Amino acid sequence: MNEQVKNQILETIEAFHTVIVSRHIRPDGDAVGSTKGLTKILRDTYPEKKIYLADDDFSDALAFCGGEDDVPEEIYGKALLIVVDTGTRKRISNKNYAKAKKIIKIDHHIEADPYGDINWVEDFRSSACEMIADFCHTFRGRLKLSAEAATFIYMGMVTDSGRFRFEGVTGETLRLAGEMLDCGVDYEKLFANLYAEEADALKFKAFLYDNIKLTKNGVAYLYIDKTTQEKFSLTFEEASDVVSELSRIKGSLIWVAFIKNEEKGNIRVRLRSRFLGINDLAIKYHGGGHNMAAGATVFSEHEMEELLADADTLLGQFKETHKDAL
Ligand code: AMP
């Protein structure tokens, strides 16, 4: 698929001496895996080129993947920038991105901002890492895929697809994941790192389970305010992770986590759903993302209530016509 644009991307990479790889703010497993994996592939394939990984943000949970590079600002003018897993330019975690000579966008979000000079966007892919795996598959023999790079790519594939459970996982996803495993992915170490939790985190979970709320039609939600973040000494990222705790409640086909962002004075919203889409709801509240996993921002507790009322109506309508959904 999209053979032409992939060829154009490889030709462009080959034409540049300096390549910088970047991703989205608040990097997750897919953002880290795809950029770390691509950087490693490019470094191994083109040792004569200067390949950088630039990121202004950091994930504590993914610190085991290693750090990023300091990229001198003056090199951007001659550099190719490849931005992976980032739907819109305002989410690019690189303050210098616009200074690059050329930009390639590689992404699996619904297209909302084709900011690249070349845009390779496949929103049917379960992860951006799946696209990098596909890129390796297309150019096998030309690109060098080490066990380390394959492990990064596999990490993004498993995390963004909920361990191959979410919508978007296809036979091709698993075939490409299989190609990564064939390269020697260290999955024992990978999963140990992905699942390890601090003992205190479990105490916080106990608190969460005690405080989950449900709307009339069953939208499950949690609001992690400033007091709770302080009580459990949570980073903003740790507080944001709560969304996954809401995903298995019977009848709750939409679930939402609200996380107070003291620094920005707003409330981050993480929306998830099963069987019905919530992307339009996210767009209404200054966000977007995927059909069943999206993010938004609200600016007051009143607006939080409005979003919940909209989500509740949406779920109520869905349940009217899908009595046996869950
Ligand atoms: P999150 O809850 O932040 O993990 O977001 C779920 C999905 O929606 C991710 O793929 C994000 O890249 C995307 N997303 C989150 N926030 C926004 C936003 N404000 N605008 C567009 N996409 C977003």
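Predicted model: local features only at pLDDT ≥ 70, side-chain atom pairs only at ≥ 80, totals over all residues.

Reader: Is strand 1 largely enclosed or exposed?

Author: Strand 1 covers residues 18–22. Buried means under 20% relative accessible area. Five of the five residues are buried, so strand 1 is largely enclosed by the rest of the structure.

Reader: Which residues of strand 1 are buried on each side?

Author: Both faces of the strand are covered. V19 and V21 are buried on one side.

Reader: In strand 2, which residue is the bridge partner of V19?

Author: Strand 2 spans residues 50–53. Strands 1 and 2 run parallel and are joined by four bridges. In strand 2, V19 has as its bridge partner I51.

Reader: What is the handedness of the β-α-β crossover from strand 1 to strand 2?

Author: The chain leaves strand 1 and passes through helix 2, residues 29–45. From there the chain reaches strand 2. This crossover is right-handed.

Reader: And in strand 3, which residue is the bridge partner of V21?

Author: Strand 3 is made of residues 80–84. Strand 1 pairs with strand 3 in the parallel sense, over four bridges. Within strand 3, the partner of V21 is I82.

Reader: Now the ligand. How many residues surround it, by class?

Author: The shell around the ligand holds 13 residues, and the closest are R91, H109, R268, R270 and R272. Strands 9, 10 and 11 each supply at least two residues of that shell. By class, the shell has two nonpolar, four charged and seven polar residues.

Reader: How much of the ligand does the protein bury?

Author: A polar side-chain atom of R91 is 3.1 Å from a ligand oxygen, and a side-chain N or O atom of H290 is 3.2 Å from an oxygen of the ligand. G288 uses a backbone N or O atom, 3.2 Å from a ligand nitrogen. Alone, the ligand exposes 480 Å², and the share buried by the protein is 85%.

Reader: In which loop does R163, with its positive phi, lie?

Author: R163 is not a glycine, yet its phi is about 60°. At 30% relative accessibility, R163 counts as partly exposed. R163 lies in the loop between helix 4 and helix 5.

Reader: What is the relative accessible area of F164?

Author: F164 is also found in the loop between helix 4 and helix 5. Its phi is positive, near 65°. F164 is partly exposed, with a relative accessible area of 23%.

Definitions and conventions. Residues numbered from 1 in each chain as written. Heavy atoms only, no water. Buried < 20%, exposed > 50% of the residue type's maximum accessible area, 1.4 Å probe, protein only. Pairing = 2+ DSSP bridges. Right-handed = clockwise from strand over helix to strand, strands pointing away. Near = heavy atom within 4 Å. Polar contact = N/O pair within 3.5 Å; in protein donor to acceptor, adjacent residues only side chain to side chain. Areas by Shrake-Rupley, 256 points an atom, 1.4 Å probe, with all protein chains shown as cover. Nonpolar A, V, L, I, M, F, W, Y, C, P; charged D, E, K, R; others polar.
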